[in-house]
Amino acid sequence: MDLLDHRILSACRAYGADARVAGVARALSRAGEHGALWLATGLVGAAVDGARRGAWLRGAALTGGAHLVSMGVKRVVRRPRPAHVEHLAPTFGPHSFPSSHATSAATAALVYGALGAYAVPPLAVAMCLSRLVVGVHHPSDVVAGAALGALTARLGARWVGGGAHD
């Protein structure tokens with residue numbers, strides 16, 4: 001798996017040689033720090049969709065909770081960030097598994113997508129890929145983060161949608 005991770009990351013990171021691609025990847029990475037883009041999306045959804053305000057707020061809470069869980073897992077696993085590629089974006093810590101960006105992005109994609117925010121899933125995929133382009137995660141970190149986010153969304157789906165008419 002390490003060799004496959006190494007090869008995929010090197011290939012993705014090569015796209016960062018294009019300044020435009022690197023700029024977009026950096027912007028996505030910044031927007032995803034601590035789940036900020038996804039939390040803001042939930043708050044905007046709550047503000048503009050009064051009929052489902054509670055569902056949007058619960059979705060934001062679930063997304064934030066998923067992010068916190070991924071940070072806890074990261075502190076237990078303690079996998080170092082990739083060392084064989086240059087990092088194009090700063091990180092807040094030395095550990096990479098799982099990708100917290102991918103965790104919150106996947107949770108948001110599934111939760112907000114179910115609420116009709118159809119632009120969120122492709123943006124979430126772009127954010128996940130951005131972590132490889134900027135070279136701060138192994139592909140398996142991103143896959144594991146996305147899986148954790150999907151699991152969180154699945155487990156919280158009833159809670160988020162349960163009050164969809166509040």
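This is a predicted model: local features need pLDDT of at least 70, side-chain atom pairs count only at pLDDT 80 or more; totals for chains, interfaces and linings use all residues.
Q: Which peptide bond is cis, and where does P98 lie?
A: Start with the general idea: most peptide bonds are trans. Here, the bond from F97 to P98 is cis, with omega near -5°. P98 sits in the loop between helix 4 (53-77) and helix 5 (100-114). Helices here are DSSP runs (H or I, at least four residues), numbered from the N terminus.

Q: What is the phi of H34, and is H34 buried or partly exposed?
A: Most residues other than glycine have a negative phi. H34, which is not a glycine, has a positive phi near 55°. You can find H34 in the loop between helix 2 (19-31) and helix 3 (36-48). H34 counts as partly exposed because its relative accessibility is 42% (buried is under 20% relative accessible area, exposed over 50%, partly exposed in between, with a 1.4 Å probe and protein chains only).

Q: What about R78: where is R78, and is R78 buried or exposed?
A: R78 is in the loop between helix 4 and helix 5. Its phi is positive, about 60°, although R78 is not a glycine. With a relative accessible area of 52%, R78 is exposed.

Q: How do I read the packing of helix 3 and helix 5?
A: Two packed helices are described by the angle between their axes and the distance between the axes. Axes are lines fitted to C-alpha atoms, for helices over the stretch in contact, and angles run from 0 to 180 degrees between N-to-C directions. Helix 3 and helix 5 pack at an angle of about 20°, and their axes are 9 Å apart. Helix 3 is therefore roughly parallel to helix 5 (the term covers angles under 35 degrees). Helix 3 passes helix 5 in a left-handed crossing, where the near helix is turned anticlockwise from the far one by less than a right angle.

Methods: Residues are numbered from 1 along each chain as its sequence is written. Side-chain values use heavy atoms; hydrogens and water are left out. Helices (H or I, at least four residues) and strands (E, at least two) are DSSP runs, numbered from the N terminus. Angles under 35 degrees count as roughly parallel, over 145 as roughly antiparallel, 65 to 115 as roughly perpendicular and the rest as oblique.
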